[in-house]
Number of protein chains: 2
Amino acid sequence: MLKYALLGFLNYSSYSGYDLKQLMDVSTANFWHAKQSQIYTTLKKMEKDELVISHIEPQESRPNRRVYEITEAGQTDLREWLSQPLMTIEPRKETLLLKLFFSAQLAPQRILTEMRLQKNLHQTELATYQTTTKDVITQFSASEDMKDDARLWEATRRFGELYAEMYIRWLDETIENLES
Amino acid sequence: MLKYALLGFLNYSSYSGYDLKQLMDVSTANFWHAKQSQIYTTLKKMEKDELVISHIEPQESRPNRRVYEITEAGQTDLREWLSQPLMTIEPRKETLLLKLFFSAQLAPQRILTEMRLQKNLHQTELATYQTTTKDVITQFSASEDMKDDARLWEATRRFGELYAEMYIRWLDETIENLES
DNA sequence: ATTTTATATATAATAATTTATATATAAAGG
DNA sequence: CCTTTATATATAAATTATTATATATAAAAT
């Protein structure tokens, strides 16, 4: 699936593995992430499958960059994936809930402390969506040829915001319920 | 991580791989899931690591059952994991958002159709949390020695409910925004 | 009468992902 | 002067997870 994230970016412009990692960290991290090593190995596999081609870009005083370009086949693959509707819901994995589910034996204080800590983390994340992320997208909206993209990016940002708010609300509810 | 889900169940009682799959599907599926094959291979690995021990339970007219029991070492491992607080937020993977992020090139109708379809799926899921799941937990609450567990299970059910509501709200917002 | 569903376990092959490590250099900060 | 951060790529090893397949039988449904 990472393949499509990479194709999506490469459909805008050519990038190196390093570039793609940076891009994902500041844009899709909210709903899709990958480690550097996975990005490099996936790009290599994609080149073997002829979805992208790479060339070395020499640099002075920095290691050379291997820049990837999307091919016709890559564009077709991306377009096909985009137009194929999802028929299922993404299954979640939430470690905190798994722990909570089995926490009856544990001292109640422990899980409460953990949930207060998680609330903090989600509040920080929420603040980022509402300031940094929001600002970046607003800047893109100003450009005429980025306007359509920016509208969609704003929708994904909004998801992060609503998710964080929901999570905090649930934590508040649950903490209150377990305190009594 | 599946390891801890399995240990969590086996800490209540002994179960076969088949049992564990059924249990997960009706209880933790909302925040943790696994395929049958992964459950079987993980149990095998856990036995090698001496976290569980198994014995064959002969059956007439059905294939024999291999029933797993948690060991002392398994209980220690589980308790340690439960008491170790999570210091990070679970990163999400949401294919729908990934597609949306790159959908500017696509005909707008396509993504709208997809989102309406997703709304349907989330509404169905929401209904399940509010009826079937709720009822099962309510029944457990009645039993005195399941009361503490049931309170935590209710909290995880509530998460599923809030998540589905949030998702539907986001879809409504986004659909409306993209229609204009 | 035939098909499907449920009960039950198991493994092979593949794909996806993470963790760890190696190399190299310049700029910036303390 | 020394450490950290940023720039850049790459691979090995391990873990985690999915897909596909094989086997066997009884009960229930059509």
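**A close look at chain A**

Modeller: In chain A, 55% of the contacts with a separation of 6 or more join residues 24 or more positions apart, a contact being a pair of residues whose C-beta atoms, placed from the backbone, lie within 7 Å. This is a predicted model, in which local features need pLDDT of at least 70 and side-chain atom pairs count only at pLDDT 80 or more, while totals for chains, interfaces and linings use all residues. Residues are numbered from 1 along each chain as its sequence is written, with chains lettered from A and ligands numbered from 1 in the order in which they are written.

Chain A contains seven helices and three strands, taken as DSSP runs numbered from the N terminus (helices H or I, at least four residues; strands E, at least two), and along the sequence they follow the pattern α-β-α-α-β-β-α-α-α-α. Chain A is more spread out than a compact globule, because its radius of gyration is 21 Å, well over the 16 Å that the globule rule gives for 180 residues; the radius is taken over C-alpha atoms, and the rule is 2.2 Å times the number of residues to the power 0.38. Along the principal axes, the C-alpha atoms of chain A fill a box of roughly 60 × 45 × 40 Å.

The domain assignment, automatic or from a database, divides chain A into domain 1 (2–83) and domain 2 (95–179), and the C-alpha centres of these two domains lie 28 Å apart. Of the 180 residues in chain A, 29% are buried, that is, have 20 or more other C-beta atoms, placed from the backbone, within 10 Å of their own.

How values were computed:
A residue is buried if 20 or more other C-beta atoms lie within 10 Å of its own, exposed if 12 or fewer, and partly exposed in between; C-beta atoms are placed from the backbone. Two residues are in contact if their C-beta atoms, placed from the backbone, lie within 7 Å.
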